[in-house]
Amino acid sequence: QAQHEEARRRPDAATDGRKSAGPAGDPILTSKIMAPDVPAWTVQRPRITEVIARGTRWCPLTVITGPPGAGKTMALALWAAAEPRAVAWVSVDEYDNRPGVFWSYVIEALRRHGVAIPQAGAGWEQPDDHVLVLRLAAALAANDPPVTLVLDDLHLLTTPQVLRELDFVLRNA
């Protein structure tokens with residue numbers, strides 16, 4: 001019962017004890033698709049939070065840049081904690097440069113925040129198949145209310161195929 005209560009309160013909480021898996025059956029690490037907790041002692045940054053909020057409401061893409069340790073992730077976490085709309089989060093790392101891995105995390109994060117993305121089927125098993133990003137872009141375009149996707153540490157994505165596919169989704173969602 002407690003697990004179901006937690007799942008109802010938090011869209012990123014696991015439901016009915018099943019582990020999530022990507023199209024290839026690889027496990028999904030929940031820690032990669034959750035916004036970081038904001039400690040109580042964190043200094044609030046209302047001006048930065050407002051700038052991020054404005055960017056996400058008026059632009060299809062908002063990029064936050066700064067040197068390592070500048071607080072980009074915490075600024076996004078503060079904004080996400082205050083954002084009334086759904087925010088799906090993916091913490092990108094160097095292992096996400098394989099299309100199947102990256103898109104598995106993005107799809108799972110979006111599903112947990114209400115985006116109706118069809119389950120695996122024809123076209124989903126082939127990560128280099130354009131069908132996957134076509135279906136994802138269509139699902140995002142049709143989603144109401146919209147969901148904001150945070151890709152934290154996006155600079156770690158370097159595979160040209162993944163970047164081309166991401167460009168396609170951004171242009172068509």
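1. Start with helix H6, residues 160-172 of this predicted model. H6 has 13 residues. From first C-alpha to last, H6 reaches 18 Å, close to the 18 Å expected at 1.5 Å a residue.

2. Which residues of H6 are buried? They are Val162, Glu165, Leu166 and Val169. These residues cover an arc of only 100 degrees around the axis, so they sit on the same side of H6. An α-helix has 3.6 residues a turn, so residues three or four places apart point the same way.

3. Now turn to the other side of H6. Pro160, Arg164 and Arg171 are exposed there.

4. What do the buried residues of H6 pack against? Their partners are helix H4 (99-111), helix H5 (130-142) and strand E2 (148-152).

5. Take H4 in more detail. H4 and H6 pack at an angle of about 35 degrees. Their axes are 9 Å apart. The crossing of the two helices is right-handed. H4 brings Pro99, Phe102 and Trp103 to the contact. H6 meets them with Gln161, Val162, Glu165, Leu166 and Val169. Val162, Glu165, Leu166 and Val169 are also the buried residues of H6.

6. A separate spot to check is Glu83. Glu83 lies in the loop between helix H3 (72-82) and strand E1 (87-91). Is Glu83 buried or exposed? Glu83 has a relative accessible area of 9%. Buried means under 20%, so Glu83 counts as buried. The side chain of Glu83 also makes a polar contact of 3.1 Å with the side chain of Arg85.

Methods. Residues numbered from 1 in each chain as written. Predicted model: local features only at pLDDT ≥ 70, side-chain atom pairs only at ≥ 80, totals over all residues. Heavy atoms only, no water. Helix = DSSP H or I, 4+ residues; strand = E, 2+ residues; numbered from the N terminus. Buried < 20%, exposed > 50% of the residue type's maximum accessible area, 1.4 Å probe, protein only. Polar contact = N/O pair within 3.5 Å; in protein donor to acceptor, adjacent residues only side chain to side chain. Expected span 1.5 Å × (residues − 1). Arc of directions from axis to C-beta. Contact = heavy atoms within 4.5 Å. Axes fitted to C-alpha atoms, helices over the stretch in contact; angles between N-to-C directions. Left-handed = near helix turned anticlockwise from the far one by under 90°.
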